[in-house]
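Visitor: Hi, could you walk me through this structure?
Guide: Happy to; let's bring it up.

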Amino acid sequence: MAATRRVPPGPPRRAAPVLLRRLVGDRLELMRSAAAEYGDAVRISMGPKTLYFFNHPDHAKHVLADNAANYHKGIGLAQARRALGNGLLTSEGELWRKQRRQIQPVFQHKRIAQQAGVVAEEAAKLVGRLRAHEGGGPVDVVGEMTALTLGVLGRTLLDVDLSAFEAVGHDFEAVQDQAMFDMVTMGMVPGWVPLSKQLRFRQARQSLQGVVDRLVAERISRDGERIEGDDALSRLIVATRQEPDQRVGRQRMRDELVTLLLAGHETTASTLGWTFYLADRHPEVAERLHAEAVEVLGDRPPEFEDLHRLRYTARVVEEVVRLYPPVWILPRQAQADDEVGGYHVPAGADVLICPYTLHRHPRFWDAPEQFDPERFDPDRATDRPRYAYIPFGAGPRFCVGNHLGLLEATFTIAMVARELRLAKVPGYRVVAEPMLSLRVRGGLPMTVHSR
Ligand code: HEM
């Protein structure tokens, strides 16, 4: 039992209506201003909920790693269970451990290295699609990146071509929308209330589950009883056969696959979207990306070994996910009383760790708002605490797909930058939209120019 009863400072209860409006309308600003005004630990009371927002690397270390066993997935993610069931992102305890053990081999560094050729092929298809817009009207870069990342996930994780399932991207939009709606309404609007959003969500969930069922059926008819592939789909089918209750097993498999697709495609797609936006705003960065891609790759496709040679490109990715961490918030719920940074956290409290504000914390970053890929140069190493930078999370729930995400982002940036320059449509306002991942609101129209 924690000894202290100290409560973090925060806005008064009467501010709740204003805070709720901000939670719906501008969540990033809500977090940013709370940290600026009250410091590294903030208590935010909002009607029936009290949020404990911790914004110091030591706090992140405590909640995500050192005392991770006391923190289950919290607000928003807990609500996402309506959509994702008990997949790897949302499950807890023994079930989570079992799922992580089952799926981890699919993401091992060695296996991902073997998939480098597939990633390069999908990125080459993307370059081809972008080229078709050269000199013409704008193309939605985020939409194109989403098609790329779904294509990569389909082939690397499932050994299938997902381009045949056109609606999948839209279905995931509806799932995200619902999870965020549940978060901002604190889960107080039951699923049966016939709002168009909720109806769309129900259709999307059914359609995604239908896609998974079709993939499973096709794999079984392709491979028969002897399913031996080392991809996630094959592994999950084999694991499901060992479940005593087949109905439960099948539902778990659906949850797992929908979760992997959701967690794996949006994050990398938004990283790429933000990269091309920032490269356009910083022409010197775009030039260096182009020069490095030409020098390292020439005109051949990238191979796994190039990952270490594309050094500047890697720094750009690191800096993009610092400024725009796709997983902008890590919500947790305390299972028992605890003490964080000298403050009391009661059992049941909603705790927030926010990579977006941590990555811009003025005590740990020089000129935090500035886009400066070279800040990650080893020569410019600082004594910044490790947990000041957590784009892939930390502790046992660390991103399982980080190697794949980084490989995909690095190859794609290099291959696009080698041949093309993307330019934002003048006057188009780019706004960050913090959904389950940090997206560009309404897409990112850019024109395509040859190098
Ligand atoms: C730039 C790309 C990516 C970023 C920034 C990212 C970030 C993260 C973060 C921060 C978490 C921790 C969430 C938490 O603690 O609540 C996470 C978990 C996860 N990520 Fe990623 N991710 C990326 C790419 C991927 C890819 C390509 C996959 C592939 C399927 C993936 C699958 C997952 C899964 C399944 C989890 C849950 C792991 C668990 O709880 O055991 N991610 N990711």
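This is a predicted model: local features need pLDDT of at least 70, side-chain atom pairs count only at pLDDT 80 or more; totals for chains, interfaces and linings use all residues.

Visitor: What share of the residues is buried?
Guide: Of the 451 residues in the chain, 56% are buried, meaning under 20% relative accessible area, with exposed over 50% and partly exposed in between (1.4 Å probe, protein chains only).

Visitor: How many helices and strands are there?
Guide: The chain has 17 helices and 12 strands; these are DSSP runs numbered from the N terminus, with helices being H or I of at least four residues and strands E of at least two.

Visitor: Is strand β5 enclosed or open?
Guide: Strand β5 (residues 330–334) is largely enclosed by the rest of the structure, because four of its five residues are buried.

Visitor: And which strands does it bridge to?
Guide: Strand β3 (residues 71–73) runs antiparallel to β5, joined by three bridges, and H72 has Q333 as its bridge partner. Four bridges link β5 to strand β8 (residues 350–353), also antiparallel, with L330 opposite I353. Two strands count as paired if DSSP finds at least two bridges between them.

Visitor: New topic: how many disulfides?
Guide: Zero in the whole structure, where a disulfide is a pair of cysteine sulfur atoms within 2.5 Å. For C354, the nearest cysteine sulfur belongs to C399, 18 Å away.

Visitor: Is C354 buried or exposed?
Guide: C354 is buried, at 0% relative accessible area, whereas C399 is partly exposed at 29%.

Visitor: What is the strand order in the open sheet of three strands?
Guide: The order is β4-β12-β9, with antiparallel pairing. The edge strands are β4 (139–140) and β9 (420–424), each pairing on one side only. Five bridges join β9 to β12 (residues 445–450), and A423 stands opposite T447.

Visitor: Which helix packs on that sheet, touching β9 and β12?
Guide: Helix α12 (residues 246–281) does, and its direction makes about 85 degrees with that of β9. Contact means heavy atoms within 4.5 Å; axes are lines fitted to C-alpha atoms, for helices over the stretch in contact, and angles run from 0 to 180 degrees between N-to-C directions.

How values were computed: Residues are numbered from 1 along each chain as its sequence is written. Side-chain values use heavy atoms; hydrogens and water are left out.
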